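This briefing gathers a few local features of one chain, grouped by topic, for a reader who has the sequence and the coordinates at hand.

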Amino acid sequence: MADLSLPLNAIRAFLAAARHQSFTLAAHELNVTHGAISRQIKNLEDYLGMPLFERRVRQVLLTERGRQFFEEASPALDILATAARRVMRDAPTRTVVINVRPSFAVRWLIPHLSDFVERYPGIAPQVVTSTAAVGRAGSSFDIAVRRGETNWPESLKVQRFMEDELVLVASPALLKSMPLEDVTGIGRHTLLLSRSRRNDWEDWRRLAGLKRSRGQAMLYFDHVHFVLQAVVDGLGLALSPVSLADNDLRSGRLVCPLPDLRMALAPYYLGISPQAGAEALLFAKWLGEYRGMAGFYG
């Protein structure tokens, strides 16, 4: 039997795209990829059996039926959201404990959490950070997020979460004072690196075809989020996972001067504890909306 349930996530994507007349701006608003918005709207069009947008080069326009649906669906979804907030506001607070590495917490999870809290006001996310493998994390948790599919306890339900890549990042002010036209200019800059990702520069040099310079100035930090703050402050160049630099790239605090030089990283996985309740399943479902490539650059 066909699934006839109302696709609320697809409607949410449609409303954002209709307001902006742009899939790209809708993706920015909802912190998902352009492809995720496109797929959700295609699902909605299949569900309704009609096109809602007229696709043009770098532009989308509402069809007549799409405009009608937007005008009627927008206030209806607002009513549903208001009703949910009223009901959940008086319910006992429930928690979900998420175990992540410190840099992922600071640079990806916490900036996205407001969306989860807005959607599920009766659930309080508690973020616990650890640099240890999940099996040695120490404290209990409902959901854990780590790179790679190895070193996960067999008791956890593990699923692929998000792809990622490593790119070169810099502050616009630094590049204005010391332009970087190609890889040969790297030697004039101070390189910033994290002790938790100490091999990144060597791997990237091999990709770029560069030999290590013995006189290269380098500064070391304990975690990637310290490195990224140093880059924002103009102390030098750094290599960063797109996932962790995403908000700074979107805001313009950082730029990617050589976007064609990028390295694939091990994807993120999430693991769900067998003791996790409905709150954790909702959180995992919410995380699933970000499935695919982390952020954008260039």
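This is a predicted model: local features need pLDDT of at least 70, side-chain atom pairs count only at pLDDT 80 or more; totals for chains, interfaces and linings use all residues.

Strands, like helices, are DSSP runs numbered from the N terminus, a strand being a run of E with at least two residues. On that basis Arg-94 belongs to strand 3, which covers residues 94-100.

**Arg-94**
- Although Arg-94 and Gly-277 are 183 residues apart along the chain, their C-alpha atoms are separated by 9.9 Å.

**Helix 7**
- In helix 7, which spans residues 200-208, the buried residues are Asp-200, Trp-201, Trp-204, Arg-205 and Ala-208.
- Viewed down the helix axis, these buried residues fall within an arc of 130 degrees, and they therefore line one face of helix 7.
- The buried residues of helix 7 pack against several strands, including strand 6 (157-169), strand 8 (218-221) and strand 10 (263-272).
- Gly-209 follows helix 7 and has a positive phi, near 75 degrees.

**Helix 2 and helix 3**
- The axes of helix 2 (residues 23-30) and helix 3 (residues 34-48) come within 8 Å and cross at roughly 105 degrees, so the two helices are roughly perpendicular to each other.
- Helix 2 contributes Phe-23, Thr-24, Ala-26, Ala-27 and Leu-30 to the contact, while helix 3 contributes His-34, Ile-37, Ser-38 and Ile-41.
- The residues of this contact divide into six nonpolar and three polar, with no charged residue among them.

Methods
Residues are numbered from 1 along each chain as its sequence is written. Side-chain values use heavy atoms; hydrogens and water are left out. Buried means under 20% relative accessible area, exposed over 50%, partly exposed in between (1.4 Å probe, protein chains only). Helices (H or I, at least four residues) and strands (E, at least two) are DSSP runs, numbered from the N terminus. The arc is that of the directions from the helix axis to the C-beta atoms. Contact means heavy atoms within 4.5 Å. Axes are lines fitted to C-alpha atoms, for helices over the stretch in contact, and angles run from 0 to 180 degrees between N-to-C directions. Angles under 35 degrees count as roughly parallel, over 145 as roughly antiparallel, 65 to 115 as roughly perpendicular and the rest as oblique. Ala, Val, Leu, Ile, Met, Phe, Trp, Tyr, Cys and Pro count as nonpolar, Asp, Glu, Lys and Arg as charged, and the others, Gly among them, as polar.
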